[in-house]
Amino acid sequence: MRKIYLVGFMGSGKSVIGRRLSFFLKLPYYDMDREIVKQQGMSIPEIFEKYGEEYFRKIETDFLRNFRDEACIISTGGGVALNEENRKIMRKTGLVFFLDAIFDDIYLRIKNDKNRPIVQKSTKNELEQLFFYRRKFYRSAGHIRVLTENRSIRQIVEYIA
Ligand code: S3P
């Protein structure tokens with residue numbers, strides 16, 4: 001069995017859904033950001049501040065290239081699907097689900113998050129523009145698009161399962 005990747009914008013529910021899906025399907029779960037934080041011994045804002053976003057993007061690609069060959073669920077960071085190599089690796093090694101949420105819901109979830117450097121440095125308007133810019137990449141990365149609006153976590157998990 002292959003990997004299950006969850007892609008989508010920050011705050012689209014990738015981690016929550018990933019954890020619940022892991023219980024449901026009895027498969028190990030990995031949160032890419034957490035794995036990177038463990039590997040680097042630094043928080044995401046620290047990595048951005050010390051080495052810059054470009055460096056962080058390299059670590060994400062290294063992670064995907066080298067991650068163990070096992071059936072599991074991986075929730076990706078919101079920028080992962082923007083890179084063509086990342087998209088290729090994910091589509092080759094697994095099934096990719098795009099969690100498609102609406103911006104207003106997303107914004108409420110992320111607006112006060114100090115652990116997301118991109119949220120910290122952006123206005124609401126900038127985040128909304130980024131959201132629309134990125135959607136096409138999530139769509140092209142995903143084998144399957146999952147509409148999350150008005151659906152409970154349980155419904156989303158069952159749909160993916
Ligand atoms: C990012 C999303 C974050 C994290 C980093 C950059 C992005 O992950 O990887 O802050 O560029 O959208 P989440 O999508 O889990 O918030």
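Two strands count as paired if DSSP finds at least two bridges between them. I kept this criterion in mind while going through the sheet of this predicted model.

**Entry 1: the sheet.** I looked up the partner of D100 and found that its bridge in β5 is to L147. Strand β4, residues 94-100, pairs with β5 in the parallel sense over four bridges. I then traced the whole sheet, which is open, has five strands with parallel pairing, and runs in the order β2-β3-β1-β4-β5. I noted β2 (29-31) and β5 (144-147) as the edge strands, each pairing on one side only. On average, neighbouring strands are turned by 20° against each other, direction ignored.

**Entry 2: helices on the sheet.** I examined helix α1 (residues 14-25), which packs on the sheet and touches β1 (3-7), β2, β3 (73-75) and β4. The direction of α1 makes about 170° with that of β3. Helix α2 (residues 32-40) also packs on the sheet, where it touches β2 and β3, and its direction makes about 70° with that of β2.

**Entry 3: the core.** I recorded 32 residues in the largest nonpolar core, with Y5, V7, F97, F98, L99 and A141 having the most contacts inside it. At least two residues of this core come from each of β1, α1, α4 (53-66), β3, β4, α8 (124-141) and α9 (153-160). For F97, leaving aside neighbours within four places in sequence, I listed contacts with I4, Y5, L6, G142, I144, V146 and I160.

**Entry 4: the ligand.** I found M10, K14, D33, I44, G77, G78, G79, R116, P117 and I118 around the ligand. I classed this shell as four nonpolar, three polar and three charged residues.

Terms used:
Residues numbered from 1 in each chain as written. Predicted model: local features only at pLDDT ≥ 70, side-chain atom pairs only at ≥ 80, totals over all residues. Near = placed C-beta within 6 Å. Nonpolar A, V, L, I, M, F, W, Y, C, P; charged D, E, K, R; others polar. Axes fitted to C-alpha atoms, helices over the stretch in contact; angles between N-to-C directions. Contact = placed C-beta atoms within 7 Å. Core = buried A, V, L, I, M, F, W, Y, C linked by C-beta atoms within 7 Å. Buried ≥ 20, exposed ≤ 12 C-beta atoms within 10 Å, placed from the backbone.
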